[in-house]
Amino acid sequence: MMSVKGKVVLITGAGQGIGRGIALRLAKDGANIALVDLRAEQLEGVKKEVEAFGVKATTFVADVSKQDQVKAAVDHAEKELGGFDVIVNNAGIAQVKPLADVTPEDMDRIFRINVDGVLWGIQAAAAKFKALGHKGKIINASSIAGHDGFAMLGVYSATKFAVRALTQAAAKEYASAGITVNAYCPGIVGTSMWVEIDERFAEITGTPKGETYKKYVDGIALGRAQTPEDVAALVAFLASDDSDYITGQAILTDGGIVYR
């Protein structure tokens, strides 16, 4: 039986989509949840949903690209929920653009959120686990685009490859402290991020709206789009004691698109 009961888990990007799905699954499994996002109003809604499972929840507004704000979020989680056991560095943004059109501003923004944000989460969580004198789990959001580079998603793919590199390096650096570091790699998930990706593909390539999403979903071996719950199931395993002997991995959960 996978157990996260009574553990304190912080999730970034928890106000919607995959982050919300992870929060609800872990709450259902008995974890106390610290919800972190940029949008306070969305967090409050998810907090009510989490508390309906009879667990404790707290919210914290933070920009993950800012090192001090991520550290403050971790400190808040420990203070409000009475401990700290798992961080899920889930927050991220997509960017659909031909490589020829990418600007320095584009590069700066997506790397600050998708890569810097993960590193600040790794740092803050590892420091907290050590300060508390116990082992812990760090779980990062990569993607199928962290295993294969996708056309029009080149820079996004680069950030997700970078997350895999950070995951492997952190796993090696923190293993002696009993800290495991892994990543989950979703595929085509029916969330607002994929609505945005589809719309941008339509603008750039002239394909009708919905066409890109459909094309990718049609390529999934299991024959359906992914749900946040599908992703959350893997994260729940990685957050549980059952994954104690797994570290440095970036596990695909995509229904059969990319094979490694």
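In what order do the seven strands of the open sheet stand? In this predicted model, the order is E3-E2-E1-E4-E5-E6-E7, and the pairing is parallel. Strands E3 (57-61) and E7 (250-253) form the edges. Each has a single partner strand, so one side of each lacks a neighbour in the sheet. On average, neighbouring strands are turned by 20° against each other, direction ignored.

Two of the strand pairs illustrate the pairing. E1 (residues 8-12) and E4 (residues 86-89) run parallel and are joined by three bridges. Within this pair, Leu 10 has Ile 87 of E4 as its bridge partner. E5 and E6 also run parallel, here with six bridges between them. Gly 136 is bridged to Ile 179 of E6.

Strand E6 is largely enclosed by the rest of the structure, because eight of its eight residues are buried. In a regular strand, side chains alternate between the two faces of the sheet. From E6, Ile 179, Val 181, Ala 183 and Cys 185 point one way. Thr 180, Asn 182, Tyr 184 and Pro 186 point the other way. Both sets are buried.

Helices lie against the sheet. Helix H5 (residues 154-174) lies across E5 (136-141), E6 (179-186) and E7. The angle between H5 and E6 is about 160°. Helix H8 (residues 228-239) also packs on the sheet, where it touches E4, E5, E6 and E7. Its direction makes about 170° with that of E6. H8 has 12 residues and spans 16 Å from its first C-alpha to its last, close to the 16 Å expected. Its buried residues are Pro 228, Val 231, Ala 232, Leu 234, Val 235, Ala 236, Leu 238 and Ala 239. They pack against helix H1 (17-28) as well as E4, E5, E6 and E7.

In soluble globular proteins, nonpolar side chains tend to be buried together. The largest nonpolar core here has 47 residues. The residues with the most contacts inside this core are Leu 10, Phe 84, Ile 87, Ile 138, Phe 150, Ile 179 and Ile 188. Elements that contribute two or more residues include E1, E2 (32-37), H3 (67-81), H5 and E6. Helices H6 (192-205) and H7 (211-218) are also among them. H4 gives the largest share, nine residues. Beyond its neighbours within four places in sequence, Phe 84 is in contact with Val 8, Leu 10, Val 74, Ala 77, Glu 78, Ala 125, Lys 128, Phe 129, Leu 132 and His 134. A second, separate core has 31 residues, including Leu 43, Val 50, Ala 236 and Leu 238. Ala 236 and Leu 238 are also listed above among the buried residues of H8.

Tyr 156 is listed by UniProt under "active site", in an unreviewed entry. Tyr 156 sits in helix H5. Its relative accessibility is 10%, so Tyr 156 counts as buried. Leaving aside neighbours within four places in sequence, Tyr 156 is in contact with Ile 93, Ala 94, Gln 95, Ile 110, Asn 114, Ser 143, Ala 145 and Met 193.

Met 152 lies in the loop between E5 and H5. Its phi is near 70°, a positive value in a residue other than glycine. At 25% relative accessibility, Met 152 counts as partly exposed.

How values were computed: Residues numbered from 1 in each chain as written. Predicted model: local features only at pLDDT ≥ 70, side-chain atom pairs only at ≥ 80, totals over all residues. Heavy atoms only, no water. Pairing = 2+ DSSP bridges. Helix = DSSP H or I, 4+ residues; strand = E, 2+ residues; numbered from the N terminus. Axes fitted to C-alpha atoms, helices over the stretch in contact; angles between N-to-C directions. Contact = heavy atoms within 4.5 Å. Core = buried A, V, L, I, M, F, W, Y, C linked by side-chain atoms within 4.5 Å. Buried < 20%, exposed > 50% of the residue type's maximum accessible area, 1.4 Å probe, protein only. UniProt positions renumbered as here; feature names shortened; annotations may be inferred. Expected span 1.5 Å × (residues − 1).
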